[in-house]
Amino acid sequence: MEQRYDLFTGLILNISRCIQKIKNTEMSAFGYKGKQVQCLFTLYNCHGGASLKELCERCDEDKGAMSRTIKELVENDLVFVEEKNEQKYKNPVKLTEKGKSFAKIVSDRISQMLDAASVGISDKEREVLYKSLGCISGNLTKICENYGVKND
C-alpha cells in the first residue's frame, strides 16, 4: 500500500508541477501569467462568454482568485465584462478580439502539449486512464466532502 501511495502521489504531483511550469513559461513569453491559461482556454471554448460563477466552477478556482484573473485580463484588453446584471458575478465575461486571437494561440499550444505528453499512449489507453482518474477524483471528492459532516 505504501508503494501505491508513493507512486500515485509522486506521479500526480510531478504532473501538476510540470503543467504549472509549462503554463508559466509559455505565458511569460507573452508577458502574461500561467494562472490565466485556464480562464482564457475556458472562455475560448465557451462561446457566448461565462459568468464569474461558471468560470470558478469550470476552472476550479475560488471567486477571489478568478476575480483577480479577470481583472488582469481586462487590464490587458483580453476580456471584457458585459454589464447585464446588477450582481457582478452573474455578468458574462467575454473575450475581446485581441483575446480571441490570443486564446486561439493558447488553445493551439495546449493541443501541441497534449500531443507531446501523450506520445506512447493509445486512444484506448487514454480512455481508460481518464475514466480511472475520473473515478479516483470523484471518490476523493466524496471523502473530502465527508470531512465537513459531523456524525451525531
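## Pockets

On a 1 Å grid over the protein atoms alone, a pocket is an open set of points where a 1.4 Å probe fits, with protein on both sides within 12 Å along at least five of seven lines. Lining residues are those with an atom within 4 Å of a point. Grid points are joined across faces, edges and corners, and a volume is the space filled by probe spheres set on the points. The model described here is predicted: local features need pLDDT of at least 70, side-chain atom pairs count only at pLDDT 80 or more, and totals for chains, interfaces and linings use all residues. Residues are numbered from 1 along each chain as its sequence is written, and side-chain values use heavy atoms, with hydrogens and water left out.

The largest pocket holds about 1,600 Å³ of space. Its lining has 43 residues, and I15, S16, I19, K23 and L114 are the ones nearest its centre. At least two lining residues come from each of α1 (2–28), α2 (37–44), α3 (52–59), α4 (63–75), α5 (97–117) and α6 (123–147). Helices (H or I, at least four residues) and strands (E, at least two) are DSSP runs, numbered from the N terminus. The largest share of this lining, 13 residues, is supplied by α1. By residue type, the lining of the largest pocket has 29 nonpolar, five polar and nine charged residues. Here Ala, Val, Leu, Ile, Met, Phe, Trp, Tyr, Cys and Pro count as nonpolar, Asp, Glu, Lys and Arg as charged, and the others, Gly among them, as polar.

For the second largest pocket the volume is about 240 Å³. It is lined by L52, S67, I70, K71, V81, E83, K88, Y89, N91 and V93. Helix α4 gives three residues, the largest share of this lining. Five of the lining residues of the second largest pocket are nonpolar, two are polar and three are charged.

## Overall fold

Six helices and three strands make up the elements of the chain, in the order α-α-β-α-α-β-β-α-α from the N terminus. Along the principal axes, the C-alpha atoms fill a box of roughly 50 × 50 × 25 Å.

The chain has 152 residues, of which 24% count as buried. Buried means under 20% relative accessible area, exposed over 50%, and partly exposed in between (1.4 Å probe, protein chains only). The accessible surface of the chain is about 11,300 Å², and carbon and sulfur atoms account for 55% of that area. These areas come from the Shrake-Rupley method with a 1.4 Å probe; for residues, only the protein chains shown count as cover. Among contacts (heavy atoms within 4.5 Å) with a separation of 6 or more, 47% are between residues 24 or more positions apart.

## Nonpolar core

In soluble globular proteins, nonpolar side chains tend to be buried together. A nonpolar core is a set of buried Ala, Val, Leu, Ile, Met, Phe, Trp, Tyr and Cys residues joined through side-chain atoms within 4.5 Å. The largest one in this chain has 22 residues, and L40, L43, L55, M66 and I70 have the most contacts inside it. Two or more residues of this core come from each of α2, α3, α4, β3 (92–95) and α5.

M66 is in contact with C39, L52, L55, C56, C59 and E61, leaving aside its neighbours within four places in sequence. Two residues named here also line the second largest pocket: L52, a contact of M66, and I70, from the core, are both in that lining.

## Loop residues and distances

D60 lies in the loop between α3 and α4. Its phi is near 55°, a positive value in a residue other than glycine, and at 69% relative accessibility D60 counts as exposed. D77, in the loop between α4 and β2 (79–81), also has a positive phi, near 60°. D77 counts as partly exposed because its relative accessibility is 44%. T96 sits in the loop between β3 and α5 and, at 12% relative accessibility, counts as buried. Apart from neighbours within four places in sequence, T96 is in contact with D77, L78, V79 and F80.

Q38 belongs to helix α2 and is partly exposed, with a relative accessible area of 33%. D60 and Q38 are 22 residues apart in sequence and 9.3 Å apart in space, C-alpha to C-alpha. For Q38 and G10, the separation is 28 residues in sequence and 23 Å in space, again C-alpha to C-alpha.
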